[in-house]
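Subject: Structure for you to look at

Dear colleague,

I am passing on the structure below, together with some notes on what was found in it. Please read the notes with the model open beside you.

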Amino acid sequence: MAAKPIYRVVFHQQGEIWELYAREIFQSELWGFIEVEEFVFEDGSKLVVDPSADRLRHTFDGVKRSYLPLNAIVRIDEVEREGPPRAVKSEGRVAEFPRGPMLPPKSER
């Protein structure tokens, strides 16, 4: 049986770029969101602990499913194995393309 794939999800969160690893990602029934489930974190019992990885581990401790807005996602990659989660300050000058409010298809209004 093939192992479940692991996905690296990179997204904007309050002035930072967060990089997390998860086993399940799919389009949400909530319009405009991606669902992320089964977060994967490295073993926290190492002697040297990265403070940003530890903060993300505690932030998502007990979270079963997270809904990420499509416009916050930078990229999603399928990877061979998980790495350390990261939260870094977003210092780039790349901004989200401005757009008006998204309306659901006419059939759903």
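Glu-37 is buried, with a relative accessible area of 13%, where buried means under 20% relative accessible area, exposed over 50% and partly exposed in between (1.4 Å probe, protein chains only). Please bear in mind that this is a predicted model, in which local features need pLDDT of at least 70 and side-chain atom pairs count only at pLDDT 80 or more, while totals for chains, interfaces and linings use all residues. Residues are numbered from 1 along each chain as its sequence is written, and side-chain values use heavy atoms, with hydrogens and water left out.

Glu-37 lies in strand S3, residues 33–39 (helices, H or I with at least four residues, and strands, E with at least two, are DSSP runs numbered from the N terminus). Its side chain makes a polar contact with that of Arg-65 at 2.4 Å, a polar contact being a pair of N or O atoms within 3.5 Å, of which, within protein, one must be able to donate a hydrogen and the other to accept it, and residues adjacent in sequence count only if both atoms are side-chain atoms.

The protein has one helix and six strands, which follow the order β-β-β-α-β-β-β from the N terminus. In helix H1, residues 51–59, the buried residues are Ser-52, Ala-53, Leu-56 and Arg-57. They lie on the same side of H1, because they cover an arc of only 140° around the axis, taken from the directions from the helix axis to the C-beta atoms. The face turned away from that buried side carries the exposed Pro-51 and His-58.

Best regards
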